[in-house]
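Open the model in your viewer and keep the selection tool at hand. Each stop below says what to pick and what is there.

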Amino acid sequence: MHSASNKYLLAAAICCFAAALAHLGCIFFGGEWYRFFGAGEQMARMAEQGLWYPTIVTSIIVLVLLVWMLYGLSGAGVIKRLPLTKLALILITSIFLLRGVSFIGLMPMFPENSLTFWLISSGICLVIGSLFALGSWQQWSVLGEKKA
């Protein structure tokens with residue numbers, strides 16, 4: 001394990017944790033949080049009606065973000081190396097960066113989401129993806145080492 005933690009991967013992991021907490025807030029606080037974070041009126045109404053769909057979708061997002069947080073911590077050397085860390089970091093970086101730049105193509109699929117939602121969430125994805133990219137690049141040789 002690397003002796004000094006990688007600040008970029010650590011920051012990326014913290015961002016994933018914060019995003020997971022924000023999504024959990026939507027589940028626990030309901031429609032107003034879905035509206036505030038720009039998830040669309042339909043998701044907000046479904047949450048207010050007690051329908052399961054928003055909770056399931058948001059829970060999946062929370063779980064994914066928490067797994068990505070763990071891989072960020074693993075790559076940073078803060079926790080034990082997880083299986084396939086190098087591959088996971090490549091995929092996580094790619095997904096965040098792709099999501100950040102592809103919002104124009106995604107907007108028609110989610111017409112209720114506001115432009116503000118798309119700009120802010122895409123910017124956040126680009127920042128987190130960049131943190132993962134920089135941190136992975138810095139750790140690349142360390143991540144390739146065999147565990148003793």
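Select arginine 45. This residue counts as partly exposed, at 46% relative accessibility. The model is predicted, so read each stop as a computed picture. Salt bridges that share partners join Glu32, Arg35, Glu41, Arg45 and Glu48 into one network.

Arginine 45 forms a salt bridge with glutamate 41, and their closest N and O atoms are 3.5 Å apart. Both residues lie in helix H3 (residues 41-48), four residues apart, about one turn of the helix. Glutamate 41 is partly exposed, with a relative accessible area of 28%.

Now pick arginine 35. Which glutamate does arginine 35 pair with at 2.8 Å? The partner is glutamate 41, with 2.8 Å between the closest N and O atoms. Arginine 35 also forms a salt bridge with glutamate 32, where the closest N and O atoms are 3.0 Å apart. Arginine 35 and glutamate 32 both belong to helix H2, three residues apart, about one turn of the helix. Arginine 35 is partly exposed at 27% relative accessible area, whereas glutamate 32 is exposed at 53%. Side chains of opposite charge can pair when their charged atoms come close. The count of salt bridges comes to four.

Next, a patch on the surface. Select Phe28, Phe29, Trp33, Phe36 and Phe37. Together they form a nonpolar patch with about 620 Å² of accessible area. H1 and helix H2 (31-36) each supply at least two residues of this patch. Click phenylalanine 29, which sits in helix H1. Is phenylalanine 29 buried or exposed? Phenylalanine 29 counts as exposed, at 55% relative accessibility.

Move to helix H5, residues 85-101. H5 has 17 residues and reaches 24 Å from its first C-alpha to its last, close to the 24 Å expected at 1.5 Å a residue. Colour its buried residues: Thr85, Ala88, Leu89, Ile92, Thr93, Phe96, Arg99 and Gly100. Look down the axis of H5: the buried residues fall within an arc of 140°, so they line one face of the helix. On the other side of H5, Leu98 and Val101 are exposed. Show what covers the buried residues of H5, including helix H1 (7-29), helix H4 (52-76), helix H6 (103-106) and helix H7 (115-143).

Last stop: tryptophan 52, in helix H4. Tryptophan 52 is exposed, with a relative accessible area of 60%. Draw a distance from its C-alpha atom to that of threonine 116. The two C-alpha atoms are separated by 26 Å, and the residues are 64 apart along the chain.

Terms used: Residues are numbered from 1 along each chain as its sequence is written. This is a predicted model: local features need pLDDT of at least 70, side-chain atom pairs count only at pLDDT 80 or more; totals for chains, interfaces and linings use all residues. Side-chain values use heavy atoms; hydrogens and water are left out. The expected span of a helix is 1.5 Å times one less than its number of residues. Buried means under 20% relative accessible area, exposed over 50%, partly exposed in between (1.4 Å probe, protein chains only). The arc is that of the directions from the helix axis to the C-beta atoms. Contact means heavy atoms within 4.5 Å. Patches are made of residues with over 30% relative accessible area and no salt bridge: like charges are joined within 9 Å, nonpolar side chains (Val, Leu, Ile, Met, Phe, Trp, Tyr) within 5 Å. Accessible areas come from the Shrake-Rupley method with a 1.4 Å probe; for residues, only the protein chains shown count as cover. A salt bridge is a side-chain nitrogen of Lys or Arg within 4 Å of a carboxyl oxygen of Asp or Glu.
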